[in-house]
Amino acid sequence: MITAFIHKFSSPKSYVRVTAKLYPFFIVFGVSLLTLGWVWGLLFAPQDAVQGNSYRIIFLHVPSSIFAQIIYFFMSVCALMHLVWRVKLAAYLIKAAAPIGAMITFIALFSGSIWGIPTWGTWWQWDARITSTLILFIMYLGVLTLHGSFSNLEKADRLMSILVVVGVVNIPIIKKSVDWWSTLHQPASISVSGNTSIDPSMLYPLFTSVIGMGLTLISLGILTSHLYIFLREKNKKWVLKYV
Amino acid sequence: MFNLAFSSLNDFAHMDGHGMYVWPVYLLTILIIVLSFAAVRTKIKNLRMRIKNASS
């Protein structure tokens with residue numbers, strides 16, 4: 001019964017129909033909120049007492065770091081769905097999300113490195129947080145490379161899903177690395193449990209940037225997934241009708 | 001909360017010497033995101049053309 005339910009609501013055709021309607025909402029609200037958050041953070045948030053103005057990279061670095069991990073977690077849920085219930089849409093979504101995950105992880109690493117120059121006096125340190133994030137970036141590239149190395153796409157989908165599930169162990173390591181080890185990277189400044197050490201004048205633009213970045217990445221994900229679905233199903237009647 | 005953090009446009013650009021770190025990060029990110037959207041949209045457009053031509 002669960003399998004029938006999942007297969008009914010996870011057909012690529014209905015996914016494309018629904019997400020094509022949602023796309024304008026995500027792109028408009030995403031770009032607007034991201035612009036608002038960044039303008040707010042860059043122009044109106046006060047200067048940090050310790051780090052000066054270099055801390056303004058936070059409005060880009062934190063959202064990108066959060067979504068670098070969330071996208072991989074999303075991929076691992078899709079991978080489980082593909083392995084357990086053979087949902088082909090789930091495999092398509094992994095393939096569509098992986099380049100976006102790689103891109104946003106690169107932005108997180110790059111912005112962190114640049115921020116490190118004035119703050120730590122170095123652009124790179126092999127500490128637990130930074131190294132585990134680099135491993136996440138390599139995992140994204142590995143997923144893409146593995147899938148691209150097979151001509152049998154169904155086999156590629158399965159092996160890619162297995163790799164994604166195995167690699168998800170890195171996500172809690174990234175999250176807890178600043179607590180488990182003594183790292184140069186600071187512990188989390190914001191927490192869902194309420195122990196937030198950041199002033200509201202900086203927290204609100206940061207929160208706005210996180211939501212804006214999320215919606216922008218979802219809209220990019222929708223576009224990328226449509227491209228991949230059309231590529232995989234280009235010989236199906238519904239694709240011919242849709243395009 | 002909505003007081004400007006800088007007294008002039010020059011101060012805003014310079015950010016007490018930190019502008020050289022802050023601006024490249026934002027500009028590169030905007031460039032990467034815009035190029036990603038543009039690349040995917042172009043690929044979809046080309047694929048649609050290919051599928052249409054193949055079916056006609």
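A polar contact is a pair of N or O atoms within 3.5 Å, where, within protein, one atom must be able to donate a hydrogen and the other to accept it. In this predicted model, the side chains of A:Ser14 and A:Ser11 make such a contact, at 2.8 Å. The points below begin with that serine, then turn to the interface of chain A and chain B, and end with the aromatic rings.

**A:Ser14**

- A:Ser14 lies in helix α2 of chain A, and its relative accessible area of 27% makes this residue partly exposed.
- The partner in the polar contact of 2.8 Å is the side chain of A:Ser11.

**The interface of chain A and chain B**

- The contact between the two chains takes 43 residues from chain A and 33 residues from chain B.
- The size of an interface is often given as the accessible area lost when the parts come together.
- For chain A and chain B the buried area is about 3,500 Å², and carbon and sulfur atoms give 81% of that area.
- On the side of chain A, the residues that lose the most area to chain B are A:Leu42, A:Phe44 and A:Val243, which together account for 18% of what that side buries.
- The elements of chain A that give two or more residues to the side touching chain B are α2, α3 (58–85), α4 (88–120), α8 (200–232) and α9 (237–242).
- Of that side of chain A, the largest share comes from α8(A), with 13 residues.
- Sorted by class, the side of chain A that touches chain B has 30 nonpolar, eleven polar and two charged residues.
- Across this interface the rule finds zero salt bridges, whereas six residue pairs are found in polar contact, with both residues at pLDDT 80 or more.

**Aromatic rings**

- Over all chains, the count comes to 15 aromatic pairs.
- A pair of aromatic rings is described by the distance of the centres and the angle of the planes.
- A:Trp38 and B:Tyr26 form an aromatic pair with 5.1 Å from centre to centre and 90 degrees between the planes, and this pair counts as edge-to-face because the angle is over 60 degrees.
- This pair joins two chains, because A:Trp38 lies in helix α2 (residues 12–44) of chain A and B:Tyr26 in helix α2 (residues 19–55) of chain B.
- Both A:Trp38 and B:Tyr26 are buried.
- Within chain A, one aromatic cluster is formed by A:Phe25, A:Phe26 and A:Phe29.

Methods
Residues numbered from 1 in each chain as written. Chains lettered and ligands numbered in written order. Predicted model: local features only at pLDDT ≥ 70, side-chain atom pairs only at ≥ 80, totals over all residues. Heavy atoms only, no water. Phe/Tyr/Trp six-rings, centres within 6.5 Å; stacked < 30°, edge-to-face > 60°. Helix = DSSP H or I, 4+ residues; strand = E, 2+ residues; numbered from the N terminus. Buried < 20%, exposed > 50% of the residue type's maximum accessible area, 1.4 Å probe, protein only. Contact = heavy atoms within 4.5 Å. Buried area = accessible area lost by both parts, 1.4 Å probe. Salt bridge = Lys/Arg side-chain N within 4 Å of Asp/Glu carboxyl O. Nonpolar A, V, L, I, M, F, W, Y, C, P; charged D, E, K, R; others polar.
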